[in-house]
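Come along while I look up a few spots, one entry at a time.

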Amino acid sequence: MKYYIFSVLFAIGTLFSCQSRNVQTENETPISEAFVRVSGQDLIQPDGNKLFIKGTNLGNWLNPEGYMFGFNKTNSGHFINEMFCQMVGPDFTAEFWKRFKDNYITRKDVEFIAATGANTIRLPFHYKLFTDEDYMGLKSNQDGFARIDSVVTWCRDNGLYLILDMHDAPGGQTGDNIDDSYGYPWLFDSEESQLLFCDIWRKIADYYKNETVILGYELINEPIAPYFENMEELNSKLETVHKRAVKAIREVDNNHIILLGGAQWNGNFKLFTDSKYDDKLMYTCHRYGGEPTREAIQEIIHFRDSVNLPMYMGEIGHNTDEWQTAFCKVLEENNIGYTFWPYKKIEKSCFMGIREPENWEQVIAFSETPRSTYKEIRDARPVQDIVRKAMNDFIENSKCENNIPQTGYIRSLGLDVVDISNKE
């Protein structure tokens, strides 16, 4: 009953979005109170109540990462795609990606997330979903808006907010596997990449400007890895790139909050000098280890207090139940909301575990073997019928109804597990 009451209240709170972005005329401006807004260090919902973010990330769905498939060396999206093409051919690979996108995250997953008591989903996505670049089975007419539209609908129906997170920016913003880059954060050195980056955000913001289910836009995930000799030079460019993208968004959308992550795994906020150039900013940090204490995140708290704006832990996870329980308590005590990473992956340390299909070890073996020459590819390529079936079985095992809820993990995040199998 509580679940349905919350859904009704959430729907009432989003009436000003008219249930559809297309109902309002171009000259109408939505009432600002219909959107989540910033008030000092708090987020305020349309009904006037404070929002403390609790939820999870839909990682791997629209930005594949190798470890969530059980791969190590083959650890980024284009590496995975290349490996699959070498193993089973480009046509089968393209069909795999289309079916993967259709089944990995569905309405049932969002219903399950809502039933845990979560209130927010962070949706990582690749910039290529808004271009005509070859990506995840499509060579043109990418389906970024269609995929996000589905999640928006599911979130609205289940009383959840949505954060859009560009996890993979043009040129790469991190310089590691997580941004599907070529090993360097070219975004900060490339005018062409920055223009495309701003253009995509302007396009997204224009499309979703009246959508109250969307809490905000997270410009880029974990910019500038700490591996580069010119790290400080790159760091000095981050705020400028932020401001450029914010300006592009504000040309079409003055309603949504914009989320800014620190450098070096969303942990370094010292480089930010200006928090007043927009009136709807909040900051986002990440943390996976160390002591689960206030003292361990004191620098982040100090920065949050100094700018007097909300701070949100966009990613935590891959730790023990005891660590997560203790750390989530610290976050709540210090008014820092959080979303867990990731919602789903192969095996454990997530909300939903995916069972490893029969013969999946052969796929993993091919992903790990040397493939730097065509002879190595030919020699390592496994029997087609076996690995194609294993890939199809992976998709089947990825479906929500076939996943294994990680009960202890979910409860360690201050959430719970509810059986929704009989939900109408």
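Predicted model: local features only at pLDDT ≥ 70, side-chain atom pairs only at ≥ 80, totals over all residues.

**Entry 1: a residue in a loop**

I started with N60 and asked where it is found. I located N60 in the loop that runs between strand 4 (54-57) and helix 2 (77-88).

Then I looked for its partners. Setting aside neighbours within four places in sequence, I found N60 in contact with E65, M68, F69, F100 and Y104.

**Entry 2: helix 4**

I moved on to helix 4, residues 107-115, and asked how many of its nine residues are buried. I noted seven of the nine, so helix 4 is largely enclosed by the rest of the structure. I wrote down the buried ones: D109, V110, E111, F112, I113, A114 and A115.

I also checked what comes after helix 4, and I found G117 following it, with a positive phi near 100°.

**Entry 3: helix 2 against helix 11**

I came back to helix 2, this time for its packing. I saw that its axis and that of helix 11 (residues 360-368) come within 10 Å and cross at roughly 115°. Helix 2 and helix 11 are therefore roughly perpendicular to each other. I put the crossing down as right-handed.

Which residues meet here? From helix 2 I listed M83, F84, Q86 and M87, and from helix 11 I listed V363, F366 and S367. I sorted the residues of this contact into five nonpolar, two polar and no charged.

**Entry 4: helix 2 against helix 13**

My last stop was helix 13 (residues 384-398), which packs with helix 2 at an angle of about 140°, the axes being 10 Å apart. I noted that helix 2 and helix 13 are therefore oblique to each other.

On the helix 2 side I found F84, M87 and V88 making the contact, and on the helix 13 side Q384, V387, R388 and M391. My tally for this contact was five nonpolar, one polar and one charged.

Looking back over my pages, I spotted F84 and M87 in the list for helix 11 and again in the list for helix 13.

Methods:
Residues numbered from 1 in each chain as written. Heavy atoms only, no water. Buried < 20%, exposed > 50% of the residue type's maximum accessible area, 1.4 Å probe, protein only. Helix = DSSP H or I, 4+ residues; strand = E, 2+ residues; numbered from the N terminus. Contact = heavy atoms within 4.5 Å. Axes fitted to C-alpha atoms, helices over the stretch in contact; angles between N-to-C directions. Parallel < 35°, antiparallel > 145°, perpendicular 65-115°, else oblique. Left-handed = near helix turned anticlockwise from the far one by under 90°. Nonpolar A, V, L, I, M, F, W, Y, C, P; charged D, E, K, R; others polar.
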